[in-house]
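Subject: Structure handover

Hello,

Here is the structure I promised to pass on. My notes follow below it.

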Amino acid sequence: MTLLPALGGRVRDVSLGGRQWLWHNPDAAFSAAHEDASLGEAVGSGGFDECFPTIAPCKLPSWVDGVAGARIAERGALWQQDCATAIGTDEFGNFASCSWTIAPLTFSFSRKITVRPHGTIDFEYAASNVGTVRMPFIWAAHPVFPLNATTRIVLPKGAKTRVWMADGLELAGGDTLHAWPSVRSGGHLVDVSRPASLGEKFACTLFVELPKAETSIGLVEGNKRLEIRVHGRELSHAGIWINRGVLAPTERKRPLMRWRKPRTYSTITIGPCLGAPESLTDALGAWETARWIEPGATARWAMSWRSGEEEAA
């Protein structure tokens with residue numbers, strides 16, 4: 001595993017089961033992004049970021065005490081700052097602990113990653129309210145993986161699924177509930193667990209409710225399977241961001257020329273979320289999924305990554 005503290009604690013590489021899983025953009029170096037960079041530009045190099053206390057940029061409602069009307073940048077506050085980092089070894093394996101203090105929401109946030117000898121990587125999180133009034137948040141793991149013809153997503157069959165955004169692909173969104181992995185597209189159902197089969201050029205975001213029990217979020221590539229183990233009492237959703245054949249972030253500000261074919265990329269981001277959808281404001285509203293922390297209290301959650309061989313169908 002490779003960690004980049006100067007990029008908000010971004011994880012650049014995760015190697016499990018003889019495979020490096022995270023996507024890297026060959027045309028974009030891992031370097032500090034401008035504070036006002038969009039999600040696409042900021043994560044254009046790839047890797048794994050933490051989104052806290054929001055994913056999408058938002059303005060908080062006037063009724064949120066202490067931070068009424070506050071604006072929060074895309075992906076929140078962690079990626080915009082260096083994190084305090086400690087590296088060591090304990091009885092469980094090698095670890096790296098990162099911590100942040102953010103504003104205007106009065107949170108301290110910490111993450112401990114432990115690489116265990118038996119081939120498992122554990123992630124432990126804590127968010128503490130260091131202010132004097134209760135504060136809301138959502139959180140999402142945002143690891144970017146390559147998307148190819150064999151990529152398959154594994155989630156509990158029949159889990160409630162909602163489409164947050166779809167561009168270049170007709171998927172029923174809004175309040176429509178779907179049963180994973182089937183999503184209504186026009187007059188028929190499509191299987192979104194195999195993203196490459198949906199089209200050559202599209203982008204979409206979905207949120208899948210997790211059962212309130214120990215469960216796994218799976219990503220299959222050929223004969224390799226990555227499992228993200230979580231508990232649904234701690235983490236409410238799996239977030240899925242699919243970009244298939246879309247314009248690379250590095251191409252968006254370059255002039256279009258007939259003789260040059262624009263570079264495109266295909267990626268999938270999938271990870272557990274505490275709250276949904278992308279905006280903390282929406283989570284405080286109709287979705288009613290934001291997590292609140294009282295002054296002096298701490299919320300804790302965890303996930304565990306492991307890899308194995310995929311059994312033949």
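Is Arg111 buried or exposed? Arg111 counts as buried, at 1% relative accessibility. Buried means under 20% relative accessible area, exposed means over 50%, and partly exposed lies in between (1.4 Å probe, protein chains only).

Two notes on the basis. This is a predicted model, so local features need pLDDT of at least 70, side-chain atom pairs count only at pLDDT 80 or more, and totals for chains, interfaces and linings use all residues. Residues are numbered from 1 along each chain as its sequence is written, and side-chain values use heavy atoms, with hydrogens and water left out.

**Salt bridges**

Side chains of opposite charge can pair when their charged atoms come close. The rule here is a side-chain nitrogen of Lys or Arg within 4 Å of a carboxyl oxygen of Asp or Glu. The count by this rule is 12 salt bridges.

Arg111 is in one of them, with Glu50 as its partner. Their closest N and O atoms are 3.0 Å apart. Glu50 lies in strand β5 (residues 48-51) and Arg111 in strand β10 (residues 107-115), so the pair ties together parts 61 residues apart in sequence. Glu50 is buried too, with a relative accessible area of 3%. Helices (H or I, at least four residues) and strands (E, at least two) are DSSP runs, numbered from the N terminus.

Strand β10 also holds Lys112. Lys112 forms a salt bridge with Asp90, with the closest N and O atoms 3.2 Å apart. Asp90 lies in strand β8, so this pair joins parts 22 residues apart in sequence. Asp90 is partly exposed, at 22% relative accessible area. Lys112 is partly exposed as well, at 24%.

Arg12 and Asp13 meet in a salt bridge at 2.8 Å, N to O. Arg12 is partly exposed at 30% relative accessibility, whereas Asp13 is buried at 10%. Arg10, Asp49 and Arg75 are linked in a network of salt bridges.

**The sheet**

An open sheet has eight strands in the order β8-β9-β10-β11-β25-β21-β20-β14. The pairing is antiparallel. Two strands pair if DSSP finds at least two bridges between them. The edge strands, β8 (84-90) and β14 (152-154), each pair on one side only. Strands β20 (residues 214-221) and β21 (residues 224-231) pair over eight bridges. Glu221 has Lys224 in β21 as its bridge partner.

**Aromatic rings**

Rings of Phe, Tyr and Trp (its six-membered ring) pair if their centres lie within 6.5 Å. Planes under 30 degrees apart count as stacked, over 60 as edge-to-face, and the rest as tilted. There are 20 aromatic pairs by this rule.

Phe48 and Phe123 have ring centres 5.8 Å apart and planes at 55°, so the pair is tilted. Phe48 is in strand β5 and Phe123 in strand β11 (residues 121-129), 75 residues apart in sequence. Both are buried.

Phe207 and Trp287 pair edge-to-face, 6.0 Å centre to centre with 80° between the planes. Phe207 is in strand β19 (residues 202-209), and Trp287 is in the loop between α2 (280-284) and β24 (291-293). Phe207 is buried at 1% relative accessibility, and Trp287 is buried at 14%.

One aromatic cluster includes Trp100, Phe109, Tyr125 and Trp301.

**Charges over rings**

A charge sits over a ring if NZ of Lys or CZ of Arg is within 6 Å of the ring centre and within 35 degrees of the ring normal. The charged end of Arg162 sits over the ring of Trp287, 3.9 Å from its centre. Arg75 lies over the face of Trp79, at 4.1 Å from the ring centre.

Best wishes
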